[in-house]
Protein chains: 2
Amino acid sequence: MPGIEKLPIEETLEDSPQTRSLLGVFEEDTAAISNYCTQLYQAMHRIYDAQNELSAATHLTSRLLKEYDKQRFPLGGDDEVMSSTLQQFAKVIDELSSCHAVLSTQLADAMMFPITQFKERDLKEILTLKEVFQISSDDHDMAINRYSRLSKRRDNDKARAEAVEDVYTARKKQHQTMMHYFCSLNTLQYKKKTALLEPLLGYMQAQISFFKLGSENLTQQWEDFLGTIGASVQK
Amino acid sequence: MPGIEKLPIEETLEDSPQTRSLLGVFEEDTAAISNYCTQLYQAMHRIYDAQNELSAATHLTSRLLKEYDKQRFPLGGDDEVMSSTLQQFAKVIDELSSCHAVLSTQLADAMMFPITQFKERDLKEILTLKEVFQISSDDHDMAINRYSRLSKRRDNDKARAEAVEDVYTARKKQHQTMMHYFCSLNTLQYKKKTALLEPLLGYMQAQISFFKLGSENLTQQWEDFLGTIGASVQK
C-alpha cells in the first residue's frame, strides 16, 4: 500500500529533536484514530445490544403466544380456531426470532470481534508501549543527570565507571523500547484502514444475509398464513 | 360470530344469585384476558423499544461515518479512497436506518396503537365500571338496611316515605350501573379475539414490509457496493 507514512526506526539510536517531533505527529494521529474508533465502537455496541434485545423480545413474544393454550380462560378458552391461529403466529414469530439470533451471532463475529480486538489489543498495546517508553526515557535522563553531577565533584574512578555503565544500560533500554514503540505506531498506520472497514463490511454482510434469509424463507410463508387468518377470523 | 357467551342484561333488575354467579365467571375471564394482554403488551413494548433503539443506533453509526471527513488526522487524513468509501458506507447505512425508522413507525401504528387502546381504554373502562357498580351496590345495601331498621322502630310516615324513596333511587342507580357493567363485559367477549389478533397482524405486516423494502432496494445495491470496496481496498 503506497502513501503510508513511517517513523524511521533507524533514527531511534540518535533520538534527535526531529525524530521526537515526528513522533509527536504520529502520537497525535494515533490519539485521533483511537478517539474515532472508540466512538464507532460505542455506536456498534449500541446496534449490537439493540439487536440482542430485539431477538430476546421477539423470542419472548413467541413464547407467550405458545403459552396461550395453558391460560385458564373460563369463557371460550377452548376456541380451537383462535388457539391454532395463535400457535401459527407463535411459529412464524419464532422463526423470525431465529433469523434475529443468526444476525446477532454474525454481528458478534464479524463486527464486534474485529473492532473490539483493535480497540482492546492494538490500541491498548500502543498505550502500554508509550508508558514503557516514557519510563525508560525518564530512567535514561536520571542516569545522565547522575553522571553529570559525578563529573563535577571529581569522585573516584569506581563510581564514575558505575555511572557510565548505568547510562549505557539506560540508553540501551530506551533505544529498545523506542524501537518497539515506533514499530507499534507504524503498524497502526497499516492497520487503521482495515480496522475501520472490517467491522463495517461484517455489519453489511450480516444485514444482507438477514434480509435474504427473511425475504426468501419467511415472507411468502407469512403472506399465505396471513391470508389464512384473514379467512378464519371472518368465519 | 357464534359461540360467544353473554351476560343477560334483562336479568339485571331481578339481580338473582344465579346472575351474580354468572357475573363472577365473566369477571374471572376478564381478569385472565387482562393479565394475558398485559404480558403481551409488555413483550410488544420491548420489541418496539428495541426496534427504536436499533433505528437510533444505526442512524448514529451512519452519522459518525459521515463525520469522518471532519476528523483531524495528522497522517493520511486526506486519503480520498478511504474517505469516499466511508461516505458510501454512511449512505447505505443511512438508507438502512430509514428502513428501520419506517418499521418503527409501522409498529407504533399497527401494533402498539391497537394493543395500547385495548389495554388503556377497554380494560380500564371495565375496571372503572366495576368500581362504580360496587359503589352503587353498597349504596343500595345501605338504603335497604336503613329501611329495615325503620320498619322495626315504627317511625313516622315521613321518614318511612323518605327511606322508600332512597331504596328506589339506590335500586335504580344499581340497575343502571349493572347494565353498563354487563354491556361492557359482553363487549369484551366480542373484542377479545380482535384485541389479540390485530396487533399481531400489524406486527407481521410491518415485518413483511421491512423485509421487502430491505431486500428489494438495498441488497442488490449493497452487493455492488461491497464489490467496489473489495476492489478499492486491494488497490
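Here is the tour, from the whole assembly down to single residues; keep in mind that this is a predicted model.

**Stop 1: both chains**

Color chain A and chain B separately. Turning chain A by 180°, with 0.0 Å of shift along the axis, superposes it on chain B with an RMSD of 0.1 Å. The two copies are thus related as by a two-fold rotation axis.

**Stop 2: where the chains meet**

Now select the residues of each chain that touch the other one.

As for the whole interface, the chains bury about 6,400 Å² between them, and 76% of that is on carbon and sulfur atoms. Every one of the interface residues of chain A (100%) is also an interface residue in chain B, so the copies meet through the same surface.

**Stop 3: charged pairs**

How many salt bridges cross the interface of chain A and chain B? The count is five, while over all chains it comes to 25.

Select A:Arg72 and B:Glu28 to see a salt bridge whose closest N and O atoms are 2.5 Å apart. Next, pick B:Glu53 and A:Arg46, another salt bridge, with 2.9 Å between the closest N and O atoms. That pair runs between chains, from helix α1 of chain B, which holds B:Glu53, to helix α1 of chain A, which holds A:Arg46.

**Stop 4: the enclosed space**

To center on it, select A:Leu54, A:His100, A:Phe210, B:Gln51 and B:Phe210, which lie nearest its centre among the 15 lining residues. Which helices supply the lining? In chain A, color α1 (17-66), α2 (80-153) and α3 (157-234), then do likewise in chain B with α1 (17-66), α2 (80-153) and α3 (157-234); each of these supplies at least two residues of the lining.

What kinds of residue line the largest cavity? By class, eight are nonpolar and seven are polar, with no charged residues.

**Stop 5: a backbone detail**

Finish on A:Asp15, in the segment before α1 of chain A. Check its backbone angles: A:Asp15 has a positive phi of about 55°, although it is not a glycine. Then jump to B:Asp15, which sits in the segment before α1 of chain B. B:Asp15 also has a positive phi, about 55°, and is not a glycine.

How values were computed:
Residues numbered from 1 in each chain as written. Chains lettered and ligands numbered in written order. Predicted model: local features only at pLDDT ≥ 70, side-chain atom pairs only at ≥ 80, totals over all residues. Heavy atoms only, no water. Least-squares fit on C-alpha atoms with pLDDT ≥ 70 in both. Contact = heavy atoms within 4.5 Å. 1 Å grid on protein atoms, 1.4 Å probe; cavity = no way out; pocket = protein on both sides within 12 Å on 5 of 7 lines; lining within 4 Å. Helix = DSSP H or I, 4+ residues; strand = E, 2+ residues; numbered from the N terminus. Nonpolar A, V, L, I, M, F, W, Y, C, P; charged D, E, K, R; others polar. Buried area = accessible area lost by both parts, 1.4 Å probe. Salt bridge = Lys/Arg side-chain N within 4 Å of Asp/Glu carboxyl O.
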